[in-house]
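User: I have just opened this one and would like a walk through it. Can we start with how the chains meet?

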Amino acid sequence: MTPMLGIMASAISGNLSNFESIASANGTGSSGVITFSSIPATFKHLQLRMIARGTAATTYVQHNITLNGVTTNYFAQHEIYGDGTTAGANSDAATGYMASGLVPGASQTANIYGAYVWDLLDYTSTNKNKVAREIWGVDLNGGGYIDFRSSLAVNTNAITSITITCSSGNYTTASSFALYGIK
Amino acid sequence: MATTYEPIATTTFTSSQASVDFNSIPGTYTDLVIVASALAHYTSSTYVELRMRFNSDSATNYSFTEIRGNGTTAGSSRASTQTYIKGFFMGAESTDNNSRNNLIINLPNYSNTTTYKTALIRNNSGSWVTGATVGLWRKTPEAITSVSISNDNSATGFLAGTFTLYGIKAA
């Protein structure tokens with residue numbers, strides 16, 4: 001058994017063959033929505049690995065993540081971040097989505113993409129609410145953030161779909177989204 | 001079923017070496033992950049700052065933003081227009097030669113030729129800090145085919161450890 005130490009922010013261990021690709025998608029430039037549906041229940045945990053940039057003419061947009069198409073009862077989103085000067089912490093009020101990382105918008109230097117590793121643990125449980133954890137970062141050669149984040153979905157259903165929505169505009173064609181299952 | 005997550009190369013050493021280099025990295029994966037358990041070779045401090053370079057590019061194409069906590073305070077810093085990604089740390093031999101510090105470096109979508117490359121780094125030092133760093137490489141987009149990690153405080157690099165390069169392949 002080879003320890004699977006390479007899973008960011010994870011203490012999960014096991015054989016490397018127990019980390020499997022489920023599906024992947026790329027941005028189109030004309031849509032701000034990526035959906036992974038019909039997620040099999042054969043894993044213990046899920047991991048999303050992404051790079052992204054938005055088409056909106058702004059400095060940042062944001063990934064908003066919903067589970068099973070539900071748009072209510074997301075709470076207690078907490079983050080610890082570094083902005084290059086100070087380390088800080090925030091929490092968000094209840095929203096209709098799990099707030100994920102900031103995504104560089106079209107106003108930023110061309111070709112800069114954010115990187116995101118998002119974990120959803122015990123996603124098939126039918127008696128526990130779901131908590132996601134994430135590490136993400138954007139460096140702009142003079143700006144940006146490194147960030148740890150958690151989000152709660154008050155939802156005891158098994159998760160069968162994940163939707164990632166760009167808060168404004170669309171995802172560029174080089175944006176990349178990959179969903180993995182961990183047994 | 002094809003393996004999704006697999007080791008590409010491992011280097012283990014028990015005497016000092018100036019850097020750890022992974023060369024001729026195939027472009028057949030979606031992401032790369034480097035996992036290290038090691039000790040920096042430096043006697044003048046309890047820790048060192050590490051640095052990383054891609055494809056032997058020595059131009060000022062690198063920058064980083066980092067956050068760290070040392071048990072007393074949390075802080076953040078950044079640097080732009082650098083010749084390496086820096087801002088990640090490792091405990092050094094002056095504290096305890098038996099200690100090993102872990103380091104996890106994610107290089108998502110490393111082989112595309114259309115985007116600058118962003119690295120996500122987690123470092124955990126037994127003697128000093130836990131932290132995370134985002135690094136940017138702004139060279140005209142090209143696939144990453146080599147990674148070199150070394151010690152920014154001293155050319156003596158690392159005293160002991162294991163570094164493994166993994167590839168992750170999306171469907």
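**Chains and a sheet**

Analyst: In this predicted model, 41 residues of chain A are in contact with 43 residues of chain B (contact: C-beta atoms, placed from the backbone, within 7 Å).

User: Which element gives the largest share of chain A's side?

Analyst: Strand 1 of chain A, with 6 residues. Strands here are DSSP runs of E, at least two residues long, numbered from the N terminus. Other elements giving two or more residues include strand 9 (130–139) and strand 10 (144–153) of chain A.

User: What classes of residue are on that side?

Analyst: The chain A side has 22 nonpolar, 15 polar and 4 charged residues. Nonpolar means Ala, Val, Leu, Ile, Met, Phe, Trp, Tyr, Cys and Pro; charged means Asp, Glu, Lys and Arg; the others, Gly among them, are polar.

User: New topic: what is the strand order in the open sheet of chain B?

Analyst: The order of its 4 strands is 2-11-4-7, with antiparallel pairing (strands pair if DSSP finds at least two bridges between them).

User: Which strands stand at the edges?

Analyst: Strand 2 (19–22) and strand 7 (85–91) of chain B; each has a single partner strand, so one side of each lacks a neighbour in the sheet.

User: And how many bridges join strand 4 to strand 11?

Analyst: In chain B, 5 bridges join them. Within strand 11, Asn151(B) is the bridge partner of Leu50(B).

User: What ipTM does the predictor give?

Analyst: The complex gets an ipTM of 0.95 and a pTM of 0.94.

Definitions and conventions: Residues numbered from 1 in each chain as written. Chains lettered and ligands numbered in written order. Predicted model: local features only at pLDDT ≥ 70, side-chain atom pairs only at ≥ 80, totals over all residues. Contact = placed C-beta atoms within 7 Å.
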